[in-house]
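Here is a protein chain to read strand by strand. Keep the sequence and the 3D view side by side.

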Amino acid sequence: DGSGSGGGTLALTASLDALILWNLRTGTAVATMRDTDSDAEVSSLAADSTGRLIASGFQDGKVRLWDRASWTLRVALDGHRSAISSIAFSADGQLLASGSHDTDIIV
């Protein structure tokens with residue numbers, strides 16, 4: 001979470017195949033991020049410690065990295081054979097780990 005315009009607190013949620021950033025003070029959606037090349041459902045979310053990168057895991061086994069400043073997809077990582085069940089950045093934001101129903105953990 002963080003401060004948006006007007007001092008509202010922000011929250012990021014998953015909504016089927018999209019990520020939605022909400023202003024909790026006003027109850028309005030501020031931004032929507034969607035990979036237009038996929039209709040897979042979001043299964044996991046994480047933000048780095050700076051809030052500049054958002055990582056999302058999907059049912060198709062891909063991890064997608066989003067730039068929070070521009071709300072654009074930076075890269076889609078394809079290393080798992082099954083749905084992503086967990087995702088996390090290291091404390092310094094330099095590493096990203098993902099776990100999947102294929103029982104693999106990829107850093």
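The paragraphs below go from the whole chain to its strands and turns.

Start with the whole. The model is predicted. It has 10 strands and zero helices. Of the 107 residues, 36% count as buried. Take the contacts between residues at least 6 apart in sequence: 28% of them join residues at least 24 apart.

Now turn to the sheet of β1, β2 and β3. These three strands form an open sheet, in the order β1-β2-β3, with antiparallel pairing. Which strands stand at the edges? They are β1 (10-15) and β3 (28-34). Each has a single partner strand, so one side of each is left without a neighbour in the sheet. Neighbouring strands here are turned by 25° against each other on average, direction ignored.

Follow the pairing through β2. Six bridges join β1 to β2, and the two run antiparallel. T13 has I20 in β2 as its bridge partner. On to β3: six bridges also join β2 (residues 18-23) to this strand, again antiparallel. I20 stands opposite T32 in β3. A18 stands opposite R34 in β3. How enclosed is β2 by the rest of the structure? Largely, because five of its six residues are buried.

The turns of this sheet come next. β1 and β2 form a hairpin with two residues between them. In that turn, L16 has a positive phi of about 55°. The hairpin of β2 and β3 has four residues between the strands. There, G27 takes a positive phi near 75°.

β5 has β4 as one partner. Strand β4 (residues 42-47) pairs with β5 in the antiparallel sense, over five bridges. L45 stands opposite S56 in β5. The two strands form a hairpin with five residues between them. G51 lies in the turn and has a positive phi of about 80°.

β6 is another partner of β5. Five bridges join β5 to β6 (residues 62-67), and the strands run antiparallel. The bridge partner of L53 is D67 in β6. These strands also form a hairpin, with three residues between them. G61 in this turn has a positive phi of about 85°.

Finish with the rings. How many aromatic pairs does the structure hold? It holds zero. A charge does meet a ring, though: the charged end of R64 sits over the ring of F58, 4.2 Å from its centre.

Terms used:
Residues are numbered from 1 along each chain as its sequence is written. This is a predicted model: local features need pLDDT of at least 70, side-chain atom pairs count only at pLDDT 80 or more; totals for chains, interfaces and linings use all residues. Side-chain values use heavy atoms; hydrogens and water are left out. Two strands pair if DSSP finds at least two bridges between them. Axes are lines fitted to C-alpha atoms, for helices over the stretch in contact, and angles run from 0 to 180 degrees between N-to-C directions. Rings of Phe, Tyr and Trp (its six-membered ring) pair if their centres lie within 6.5 Å; planes under 30 degrees apart count as stacked, over 60 as edge-to-face and the rest as tilted. A charge sits over a ring if NZ of Lys or CZ of Arg is within 6 Å of the ring centre and within 35 degrees of the ring normal. Buried means under 20% relative accessible area, exposed over 50%, partly exposed in between (1.4 Å probe, protein chains only). Contact means heavy atoms within 4.5 Å.
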